[in-house]
Amino acid sequence: MTKTSWKRAAPLALGAVLLLSLPAAAQTPIKIGASLSLSGTYAQPGTYQKEGYELCADHVNAKGGLLGRKIEFVLYDDQSNPATGVRLYEKLITEDRVDAVMGPYSSPITEAVANVSEKYQKVLVSPLAATTSIFKKGRKYIFMVISPAEVYLEGLIDMAAKRGLKTVAVVNEDTLFTKASATGVVELAKKRGMQVVFQEAYPKGNTDFSALLTKLKAANPDVIAASTYFDDAVAITRQMKELNVNAKMYGVTVGGDLPKFYELLKQNAEYVYGATQWEPTLPYPGQKEFVESYQKKFNREPVYHSAAGYAGCLIYAEGVRRAGALDSDKVREQLLKLEMRTFFGDYKVEPDGFQLAHKMVMFQWQDGKKVTVWPDDLAGGKARVPTPPWNQR
Amino acid sequence: MNLVITPTMVGQVVISGLLAGSLYAMVALGLGLIFGVMRVLNVAHGPLLMLGAYTTFWLFHGFGLNPYLSLLASMPLLFVAGLLLQGLLVRRVVDAPELSSLLLTFGVSIAIVNLAHLGFSSDLRSVEYLTGSFLLGPFAFSKSRVVACLFALLITAGAFWFLQKTRLGKALRAVSQSREVAQVCGIDVQRIHMLAFGIASALAAAGGSLVAVMVAIQPEMGQVYTFKSFLVIVLGGAGNYPGALLGGLLLGLIEQLSSLFLTTQVNEAVAYVLLVLVLLVRPTGLLKGRAS
């Protein structure tokens, strides 16, 4: 330890002694810091995540808090910008001196701020980062909550293989998450003995898929797996109808789960499969309580971003509770051992913090509703296979 | 996974290319008109198209108005907006160095897009009206795109008729050929400038209304049309109005064929490489534009 840090540590130690001797002062809340995308391109999911964090704090505090103290979030807006996120986590840890930090929204921002949390040896439970590589760089204190990009469309392939479908076409936007998810689909399909008859990427912001779909149509696949965000999922679905592209099953990664998807496409969204990390209808413990209190507090339906935020906070709190302290290494040890089932699903990680237990679910749009159709033990209905050709709907 | 490209596939993308191209031609004609008459490159052309699309969306959403009928609202509305833009702002930079007008319209473009974010939010909207396709043998003709193509051709033809046959149209072409001589002949150049900007904005609005039925509507949807239009008028020859038609169809075809034979990832690159080549080899465009 250097001289200066001793100077800083001495009053802290003194403060700690004083805190222990004064029961009233022990009531200072545990401050948990995070930056979230409250403006910019990720503003929508970022805001849902914020609400998840806030609701979690309410509930933990209502049950007596953590280590006998209340918890309190210190949240900043990173404007969907990784560089701003880095600056804010520096500030949270060094200036605001928060007791703990939680992850921001999205893979790119998590990737950036994880360097900061590692530097200061802070545990970073990251509820909304799905890109595998973030957790495979030898980082020690980062924990994954949701399923990785590669398995988003596992359900689509599994359902197709079980029904004896043989060929699959894969299309994806050529960015980090969608590429990883497309690579995952190709591997899963090969493992199940299916043949990938067409694969092509398209640039971000592409709106005309005519030529791509013309080629795809010529390959005549049984299954179309589209690794998308939202805009492209809508455009591809529309143009499939325009070009009369028919497949027995057609699924998308992100975007299909938003209510807006059906609002925009109306009955043309029927039969489309989508992947999601969570649905309010899944039969997990505590589901009803979460959904009801969320609706009551925020006046809107929770989406998986809200649920993941809340679950991430619960997981961290459980780690602290078991460690009996806020010390990073002790909490880390507990989080690595922890196996937990919440309303969000299962939690269990590899030694590098990579998520193993959480399961994606697949739904299908049926009569204007998302019906969970995979995996079987969580399914709320039966998949309507095959998708009828456009001219017979 | 080696895909063999069959004549049917080529035929299908040629259809898609021509359908898209006719729309590009109409929108680009507007950009070309302003450039021809004033030597101003209107970067806000695409955002004006976006406003046209929103006009169609709100009328459809609020009153259930047929999106094609909404052309009758979006075109006059944007015509007036164009007059105002010209009268209040662009007029001041017509004779200034070209950079000034570029900066001005760039600013206008950013302002329009951000106002749209504020006013309409960045949520995606759609006009779910004419989906699906007509099937003809192995070929699919997207309904909304076929109808859009017909309207685009009709409106483009109307614009050409106006330019060729009417006195005002002739005056407009006269100003575009030589402003001084036109002025000497008694043509009110300021008025012609306003008219050109108005017509150009109306053409952008028509593009927006037609596109609204085909793709999702959001505040950022327009900019790409500014660039496409720019490409079209360079290909066709700046200041050469029939050149816009050729350039538009050509751009549509290039985009689709390069996506077919190469990949979708490179189609824009191919189009812009072509732009550079045309500028290098034949700077006046394929149909000779008037060199400035």
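Four bridges tie strand S8 (residues 223–227) of chain A to strand S9 (residues 249–252) of chain A, and the two strands run parallel. One residue to look up here is Ile224(A), whose bridge partner in S9(A) is Tyr250(A). Please keep in mind as you browse that this is a predicted model.

S8 and S9 belong to an open sheet of seven strands in chain A, ordered S7-S6-S8-S9-S10-S13-S14, and its pairing is mixed. At the edges stand strand S7 (195–202) and strand S14 (369–374) of chain A; each has a single partner strand, so one side of each is left without a neighbour in the sheet. From one strand to the next, the twist averages 25°.

## Where two helices cross

Another pair worth a look is helix H11 (residues 304–323) and helix H12 (residues 328–337) of chain A, which pack at an angle of about 115° with their axes 8 Å apart. At that angle, H11(A) and H12(A) are therefore roughly perpendicular to each other. Their crossing is right-handed.

Which residues make the contact? From H11(A) come Gly319(A), Val320(A), Arg322(A) and Ala323(A), while H12(A) brings Lys330(A), Val331(A), Gln334(A) and Leu335(A). By class, the residues of this contact are four nonpolar, two polar and two charged.

## Two domains in chain A

The domain assignment divides chain A into domain 1 (27–147 + 283–347) and domain 2 (150–276 + 360–392). The C-alpha centres of domain 1 and domain 2 of chain A lie 31 Å apart.

Eight residues from domain 1 of chain A and eight residues from domain 2 of chain A take part in the contact. On the side of domain 1 of chain A that touches domain 2 of chain A, four residues are nonpolar, four are polar and none is charged.

## Chain B against chain A

Finally, let us turn to the chains. In their contact, 26 residues of chain B meet 33 residues of chain A. On the chain B side, the elements that give two or more residues are helix H1 (7–38), strand S1 (133–136), strand S2 (139–142) and helix H10 (241–261) of chain B.

Which element gives the most to the side of chain B that touches chain A? That is H1(B), with five residues. Sorted by class, the side of chain B that touches chain A has eleven nonpolar, 13 polar and two charged residues.

Notes. Residues numbered from 1 in each chain as written. Chains lettered and ligands numbered in written order. Predicted model: local features only at pLDDT ≥ 70, side-chain atom pairs only at ≥ 80, totals over all residues. Axes fitted to C-alpha atoms, helices over the stretch in contact; angles between N-to-C directions. Parallel < 35°, antiparallel > 145°, perpendicular 65-115°, else oblique. Left-handed = near helix turned anticlockwise from the far one by under 90°. Contact = placed C-beta atoms within 7 Å. Nonpolar A, V, L, I, M, F, W, Y, C, P; charged D, E, K, R; others polar. Domains from an automatic or database assignment. Pairing = 2+ DSSP bridges.
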